[in-house]
Amino acid sequence: MTSETPGSLKPMNSSSSSKLSSSQAVSENFLKALDFAARKHRDQRRKDPEQTPYINHPIAVAHILWIEAGVSDEAVLMAALLHDTVEDTETTFEEIEQQFGQSVKEIVAEVTDDKSLPKAVRKQQQIDHAASLSDRAKLIKLADKTANLRNVAVSPPDGWSVTRIDDYVEWGKAVIDQIRGTHAKLESLFDQAYAQGKQATKT
Ligand code: ZN
């Protein structure tokens, strides 16, 4: 490294490190959920040209909830990290309950599709079931669809036509339209992602 300026190796002073540890309510449970999800999804990649590691998606969902929308409910943030583990990996609901408790397991269960059903049925069920989700599951749903629409807008899966992108964006909106009135900030973030997705079908 030739660009280092004199003083850059100065050890971090004790006042700044103690400030770091006391200024944030760091959650041990949140980190455990992140570690669990990272291990479960470790072999999965998105189907975008960059083959983004799958774990970036649950992290993005938690980021939208916590950092962008100010949701601080720990169970919701943990469920955000875990929300695709049962649907997309060998993880069981029993495992989630054992490690993270019943309320986290229940939120994850609410947002997990039944993969034994054909895809078209699952997609319709998401629309039909959205309104009856608990408030916590609705928050995950809002952030999940926002993250998904941002992804297809910026970097759609390989081989997706404009029509397929548009269908996906409209389906996301059809789900979210069932749960409006849940969280104004998350809904406005979703609407921005929807606009971004629509824009991507016009370029
Ligand atoms: Zn998801």
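Residues are numbered from 1 along each chain as its sequence is written. Because the model is predicted, local features need pLDDT of at least 70 and side-chain atom pairs count only at pLDDT 80 or more, whereas totals for chains, interfaces and linings use all residues. The protein chain has a mean pLDDT (the predictor's confidence in each residue, from 0 to 100) of 90, and 87% of its residues reach 70 or more. Over residues 1-23 pLDDT stays under 50. For residues 1-23 the model has one contact beyond four places in sequence, two residues being in contact if their C-beta atoms, placed from the backbone, lie within 7 Å.

The protein chain contains eleven helices and zero strands, where helices (H or I, at least four residues) and strands (E, at least two) are DSSP runs numbered from the N terminus. Along the sequence the pattern is α-α-α-α-α-α-α-α-α-α-α. Of the contacts with a separation of 6 or more, 72% join residues 24 or more positions apart. Of the 203 residues in the protein chain, 32% are buried. A residue is buried if 20 or more other C-beta atoms lie within 10 Å of its own, exposed if 12 or fewer, and partly exposed in between, with C-beta atoms placed from the backbone.

Helix α4 (residues 74-82) has seven buried residues out of nine, so it is largely enclosed by the rest of the structure. The buried residues are Val-76, Leu-77, Met-78, Ala-79, Ala-80, Leu-81 and Leu-82. Their cover includes α2, α3, α5 (85-88), α6 (93-100), α7 (102-110) and α9. Within α2, Leu-34 is classed as buried, with 20 C-beta neighbours inside 10 Å. The C-alpha atom of Leu-34 is 5.9 Å from that of Leu-81, although 47 residues separate the two along the chain. Leu-81 is itself one of the buried residues of α4.

The axes of α4 and α9 come within 10 Å and cross at roughly 45°; axes are lines fitted to C-alpha atoms, for helices over the stretch in contact, and angles run from 0 to 180 degrees between N-to-C directions. That makes α4 oblique to α9, given that angles under 35 degrees count as roughly parallel, over 145 as roughly antiparallel, 65 to 115 as roughly perpendicular and the rest as oblique. The crossing of α4 with α9 is right-handed. A crossing is left-handed if the near helix is turned anticlockwise from the far one by less than a right angle, and right-handed if clockwise. Ala-75, Val-76, Ala-79 and Ala-80 of α4 make the contact with Arg-136, Leu-139, Ile-140 and Ala-143 of α9. By class, these residues comprise seven nonpolar, no polar and one charged (Ala, Val, Leu, Ile, Met, Phe, Trp, Tyr, Cys and Pro count as nonpolar, Asp, Glu, Lys and Arg as charged, and the others, Gly among them, as polar).

Helix α9 (residues 135-154) also packs against helix α3 (residues 56-68), at an angle of about 120° and with the axes 9 Å apart. The two helices are therefore oblique to each other, and their crossing is right-handed. On the α3 side, His-57, Ala-60, Val-61, Ile-64 and Leu-65 take part, meeting Leu-139, Ile-140, Ala-143, Asp-144, Thr-146 and Ala-147 in α9. This contact has eight nonpolar, two polar and one charged residues.

Helix α8 (residues 119-130) and helix α10 (residues 162-176) have axes that come within 8 Å and cross at roughly 25°. These helices are therefore roughly parallel to each other. Lys-123, Gln-126, Ile-127 and Ala-130 of α8 form the contact with Trp-171, Ala-174 and Val-175 of α10. Five of the contact residues are nonpolar, one is polar and one is charged.

Two further residues were examined individually. Glu-97, in helix α6, is partly exposed, with 16 C-beta neighbours inside 10 Å. Apart from residues up to four places away in sequence, Glu-97 touches Gln-102 and Lys-105. The C-alpha atoms of Glu-97 and Val-108 are 9.8 Å apart, at a spacing of eleven residues along the chain. Gln-51 is placed in the loop between α2 (28-40) and α3. Its phi is near 50°, a positive value in a residue other than glycine. Most residues other than glycine have a negative phi. Gln-51 is exposed, with 11 other C-beta atoms within 10 Å.
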